[in-house]
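The account begins with the charged side chains and then turns to the pocket.

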Amino acid sequence: MSLNSHIEWTDATWNPVRGCTKISPGCKHCYAETFAERFRGVKGHPYEQGFDLRLVPEKLTEPLLWRSPKLVFVNSMSDLFHEDVPDEYIEMVCRVMVTANWHTYQVLTKRSARLRDMLRGRLRFAAGREHIWWGVSVEDKKYGLPRIGDLQEAPARVRFLSIEPLLEDLGAFNLSGISWAIVGGESGAGARPMREEWVVSIRDQCRISRVPFFFKQWGGVRKKKHGRRLQGRTYDEYPERIMSPIPERAKCLAYAEKMLESFRQVLDGDSLVQITA
Ligand code: SF4
């Protein structure tokens, strides 16, 4: 976990899963992979296994112990709905989010069909919570736009789009039921360029549909140089956040212990032990 995230649109990250595999062009320069692979083989480092997917059950109850409300990016170093993360484990992550409801969670995936199917079924209990925002990544028309359709079919209370890295003009698309859109260009070595008219088109569609718009960055090889102003101003809009009271510390600790105990019973199952070892 990192309480002071460098990601512009969140304040903390929580990674009960680490590692992932690439699924579409937006993954080409995955920052999580670059970071994780730097530490492959470094004994005792959290990323000793590089970017190989693994569950991190010791991280599961972390948000219950954070005493101030945070905007939490869930699995910034993975994809919660990756096909190798068992349903039982995803449910555990959601149970923690529902219980530690004084935070606001941003759950972002490229596996939008699984997100939709699970929110319709096993994760129904979490789908309609105002403090859990469900999002999909959108980088282009071919892979990104169908994810928006999947998200719109999910019974989520708050839906958001992370349109980054934006790789082409998306044209006109349907924003119904969407509560937030983030747009950004790719940064770092080999960054693919983003044109102003592509961003303006999305901003204007958000204005018409009254969707809060957040412009993260232009990106580029030296992203600081290009900044994050669009046509002379910054865009830092967010959906409304619901603030819930924080229970006393002792109560939170008791919750965490109780949850760990119930998780332990599930975690003893063979398939989960293999993937956490
Ligand atoms: S889905 Fe996300 S975390 Fe996974 S490889 Fe692609 S960009 Fe990286």
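In this predicted model, Arg 264 is partly exposed, with a relative accessible area of 43%. Its side chain meets that of Glu 261 in a salt bridge, at 3.0 Å from N to O. Glu 261 is likewise partly exposed, its relative accessible area being 38%. Both residues belong to helix 9 (residues 249-267), and because they are 3 residues apart there, about one helical turn separates them. Side chains of opposite charge can pair when their charged atoms come close.

Two further pairs may be set beside this one. Arg 195 and Glu 197 are joined through their side chains in a salt bridge of 2.9 Å, N to O. Arg 195 counts as partly exposed at 48% relative accessibility, and Glu 197 counts as partly exposed at 44%. Lys 59 and Glu 62 also form a salt bridge, with 3.2 Å from N to O. Here Lys 59 counts as buried, its relative accessibility being 18%, and Glu 62 is buried at 15%; both assignments follow because buried means under 20% relative accessible area.

| Salt bridge | N to O distance |
|---|---|
| Lys 59 and Glu 62 | 3.2 Å |
| Arg 195 and Glu 197 | 2.9 Å |
| Glu 261 and Arg 264 | 3.0 Å |

Over the whole structure, a search finds 23 salt bridges. Salt bridges also link Arg 116, Asp 117, Arg 120, Asp 150 and Glu 153 in a network.

The ligand sits in the largest pocket. Around the ligand are Cys 20, Thr 21, Lys 22, Cys 27, Cys 30, Ser 78, Asp 79, Lys 110 and Arg 111. By class, this shell comprises 3 nonpolar, 2 polar and 4 charged residues.

The largest pocket holds about 1300 Å³ of space. It is lined by 50 residues, of which Ile 7, Tyr 31, Ala 32, Ser 76 and Met 77 are the closest to its centre. The lining divides into 17 nonpolar, 21 polar and 12 charged residues.

Which elements each supply at least two residues of the lining of the largest pocket? They are helix 1 (31-37), strand 5 (104-109) and strand 9 (213-217). Helix 1 gives the most to this lining, with 4 residues.

How values were computed. Residues numbered from 1 in each chain as written. Predicted model: local features only at pLDDT ≥ 70, side-chain atom pairs only at ≥ 80, totals over all residues. Heavy atoms only, no water. Near = heavy atom within 4 Å. 1 Å grid on protein atoms, 1.4 Å probe; cavity = no way out; pocket = protein on both sides within 12 Å on 5 of 7 lines; lining within 4 Å. Sits in = over half its atoms within 2 Å of the grid points. Nonpolar A, V, L, I, M, F, W, Y, C, P; charged D, E, K, R; others polar. Points joined across faces, edges and corners; volume = space filled by probe spheres on them. Salt bridge = Lys/Arg side-chain N within 4 Å of Asp/Glu carboxyl O. Buried < 20%, exposed > 50% of the residue type's maximum accessible area, 1.4 Å probe, protein only.
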